[in-house]
Amino acid sequence: MKRESKNSKLTEEDVKRYSLNYWKLLIGVIVFALLFLISVRVGIFGKLPTFKDLENPKSNLASEIITDDNKVLGTYYVHNRSNVKYSELSPSLVQALVSTEDKRFYEHSGIDYSRTLSTVVLTLGGNKQGGSTITQQLALNLFGERRAKNSLKRIMQKFQEWITAVRLERNYTKEEIVMMYFNTVDFGAYNTFGIKSAARTYFNTTPEKLTPDQAALLVGMLKGPGEYSPVRRPERALARRNLVLQNMRDQNFISSEEFEKNKVKPLGLKLTISNYGEGLAPYFRAVLKEEIKKEFQRLAITKPDGTPYDLDRDGLKIYTPINYKMQQYAEDAQKEWMTRLQREFDKQWKRRNAFTGKNANLLITGMKRSDRWHTLKSEGMTEDQIKKEFEKKVPMTLFTWKGSVDTVMTPLDSIKYTKLFLRNAMMAMEPKTGYIKAWVGGINFEHFKYDQVRLGTRQVGSTAKPFVYAYAIDNGYGPCVSIPNHMQTYGDWTPKGTVQGGDPITLKNAIKYSQNYASAYLISEVGASNVAEFTKRMGVNSNIPNNLSIALGSYDASLFDMVGAYSAFVNQGTYVEPTMILRIEDKNGAPIYEKAPKVSMVLNKETAYAMVDMLKGVVDGGTGSRLRWDPNFGGLKNPIGGKTGTTNDNSDAWFIGITPELVAGVWTGAEDRGISFSSMQYGQGAAAAMPVFGLFMRKVYADKNLNYSQEDFPKPEGGITRFEMDCSNYSKFYGNEPSQSDSQQLDDDRLGF
């Protein structure tokens with residue numbers, strides 16, 4: 001035994017050999033580790049973010065549409081993400097995050113080594129723990145990846161996180177790291193990315209206004225957005241929220257009293273799901289997006305690297321003149337009146353078949369326009385087979401004014417249902433600036449996506465008459481000139497109408513009572529081609545034919561163009577193009593586009609005022625007088641003018657209303673002109689369109705914060721010298737109703753444009 005013990009002693013040579021091998025192994029491990037870390041750093045195992053990437057991560061940033069009162073109207077996005085600054089974060093948010101995710105955040109330099117070691121030990125012992133610091137989690141977010149499930153890949157991912165975390169800590173402050181973290185986190189449901197989007201989605205607020213309980217709920221969700229969803233798993237979300245509040249108390253961020261007060265609060269969700277078709281002004285937002293694309297292409301506006309901007313990814317700030325409150329008032333006014341009007345429309349068609357005779361073709365065209373038809377056609381079905389499919393009941397969702405309804409019916413019956421729904425559109429703008437303040441392109445974007453403000457055009461009816469009268473007054477006639485007001489034939493055209501206001505009749509009364517015979521006579525005197533050219537100069541960009549019937553509005557035009565044209569009357573003869581966009585900034589706040597609207601003088605100032613005065617007569621005692629006396633939508637006392645319009649068979653109902661600071665237009669009709677009200681009682685412009693204007697204006701004037709004046713329309717400088725405006729004085733001066741030649745004596749010096 002002693003010999004063995006003696007022989008077991010290490011010789012000096014053995015010690016040297018073992019020591020050398022130990023140092024070789026240690027140095028080898030260190031060199032390998034260094035080489036491995038260098039390999040990770042240079043991107044051999046996967047590219048690491050550059051400083052440019054860290055400062056400007058390639059995340060999909062939502063572009064925001066901002067109103068004139070600085071509210072977010074909506075967003076364009078792939079990921080519904082908007083960035084915030086650190087100063088825009090509630091202190092409770094930062095406290096909740098640090099106390100729950102990384103208690104030593106302000107002490108470490110990216111990696112919490114003691115936490116990492118304890119995590120390894122606990123995980124090996126079967127108690128799985130998370131050891132990533134806030135900085136490491138940010139690093140992972142910047143890679144745009146989720147934690148890998150494969151162990152080997154996760155180890156590689158961990159090293160990449162560590163290196164990136166250290167780089168982040170060396171180059172950014174703790175505040176900047178927290179800011180970047182909150183801008184890159186994914187809240188799972190509803191396509192919600194970043195704290196700004198989450199605050200809006202779950203509490204309809206902004207990050208700086210989040211209370212401790214709200215901040216705790218959102219931070220608690222970060223452990224598992226699905227597992228702790230306050231919508232799908234409210235009990236788990238509540239327990240998780242209270243755990244975060246407890247952490248905040250334990251870290252002395254809140255007192256015990258604050259903890260007790262907040263933990264008993266309900267979740268208090270104000271769910272505001274940012275769906276493209278939901279929220280205010282979806283039609284405006286859809287048209288605006290295409291308008292921006294066209295403008296960027298026309299002006300060759302690109303990013304600094306020469307690539308085109310992507311509205312869904314590049315986080316642009318789009319400033320618009322839309323007023324948030326006025327948009328809400330417009331949508332509320334539409335819903336209020338159209339709900340009533342639809343009930344009357346339904347009564348009319350309850351015992352009648354709308355799809356007989358010529359209207360039978362409406363069902364065929366409706367089927368062929370549907371996605372279902374195109375899908376079945378692409379699958380190789382014949383038309384007869386497809387028609388049979390349209391007669392089979394299937395589940396579907398239908399629009400009602402009380403909300404969407406899930407039901408089972410045939411696709412053919414659903415076409416009948418939707419075609420018997422009245423559509424409505426409205427636009428309001430300031431005539432002096434061209435700024436559009438409200439835009440309602442239809443009754444429901446989810447079910448009826450076609451915009452009827454700018455994209456849709458319909459027959460304008462009597463709203464075209466003011467262009468005839470404006471051209472005549474601008475070229476020698478006066479408002480008090482008398483013209484024939486009885487049926488006449490002009491070539492092969494004999495207009496229909498009734499006589500109201502006398503025969504002959506002054507131009508002023510002809511507009512007031514919307515007389516067809518007088519309007520037809522007037523255009524025959526001044527020339528259809530002249531009126532057509534003048535109407536286009538006023539901003540109506542439709543195809544206006546060179547025939548006399550345009551005096552009665554036989555052509556189609558958009559509400560957008562008609563409101564813009566009427567604004568020139570209010571703006572003393574100056575046309576200002578309706579403006580949808582004020583300016584656009586990139587995600588860093590640098591301006592990249594500013595709108596310069598087209599401005600042109602289109603008629604004489606005195607003529608413009610004469611038209612305003614004549615349009616006031618329509619409301620004060622003519623076809624628009626219900627705005628004054630009808631308690632359902634009227635009762636308006638302030639200076640207002642306007643023009644009603646009703647087309648053949650009540651297919652289209654119009655009203656364009658003017659005030660000194662606001663011009664608004666409304667159109668109402670079914671999808672197809674063959675389906676309409678059977679009587680003027682509900683189908684005329686004064687009944688089907690004008691009430692929406694009245695309800696809207698009532699809400700606008702009731703809101704004193706909007707500061708719209710109720711003073712009268714201003715006269716042009718120098719007054720009216722070209723013609724007499726008061727027809728009673730005119731009659732006394734001449735002793736009878738004035739003729740065209742009498743008017744011309746007062747207008748020897750005609751003014752040009």
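Me: Which residue does Glu 295 form a salt bridge with?
Reply: Glu 295 pairs with Arg 298, and their closest N and O atoms are 2.9 Å apart. Keep in mind that this is a predicted model.

Me: Where do Glu 295 and Arg 298 lie?
Reply: Both sit in helix H13, which covers residues 282-298. They are three residues apart, about one turn of the helix.

Me: And Glu 295, buried or exposed?
Reply: Glu 295 is buried, at a relative accessible area of 8%. Arg 298, in contrast, is exposed, at 57%.

Me: Why does Glu 295 count as buried?
Reply: Because its relative accessible area is 8%, and buried means under 20%.

Me: OK, how many salt bridges does the structure hold?
Reply: There are 34 salt bridges in the structure.

Me: What does Lys 419 form a salt bridge with?
Reply: Its partner is Glu 671, with 3.2 Å between the closest N and O atoms. This pair links distant parts of the chain, 252 residues apart. Lys 419 belongs to helix H18 (residues 411-419), while Glu 671 is in the loop between strand E20 (663-669) and helix H26 (680-683).

Me: Lys 419, is that one buried or exposed?
Reply: Lys 419 is buried, with a relative accessible area of 2%.

Me: Which residues are joined into one network with Lys 419 and Glu 671?
Reply: Arg 423 and Asp 672. Salt bridges that share partners join the four residues.

Me: Next one. What is the salt bridge partner of Asp 613?
Reply: Lys 508, and the closest N and O atoms of the pair are 2.8 Å apart. Asp 613 is in helix H24 (residues 605-621) and Lys 508 is in helix H20 (residues 507-512), so the bridge ties together parts that are 105 residues apart in sequence.

Me: How does Asp 613 count, buried or exposed?
Reply: Asp 613 counts as buried, at 17% relative accessibility. Lys 508 counts as partly exposed, at 22%.

Me: Changing topic: which residues form a nonpolar patch on the surface?
Reply: Tyr 22, Trp 23, Leu 26, Ile 27 and Ile 30. Together they have about 510 Å² of accessible area.

Me: Where is Ile 30 found?
Reply: Ile 30 is in helix H2, residues 12-42. Ile 30 is partly exposed, with a relative accessible area of 42%.

Notes:
Residues numbered from 1 in each chain as written. Predicted model: local features only at pLDDT ≥ 70, side-chain atom pairs only at ≥ 80, totals over all residues. Heavy atoms only, no water. Salt bridge = Lys/Arg side-chain N within 4 Å of Asp/Glu carboxyl O. Helix = DSSP H or I, 4+ residues; strand = E, 2+ residues; numbered from the N terminus. Buried < 20%, exposed > 50% of the residue type's maximum accessible area, 1.4 Å probe, protein only. Patch = residues over 30% accessible without salt bridge, like charges linked within 9 Å, V, L, I, M, F, W, Y side chains within 5 Å. Areas by Shrake-Rupley, 256 points an atom, 1.4 Å probe, with all protein chains shown as cover.
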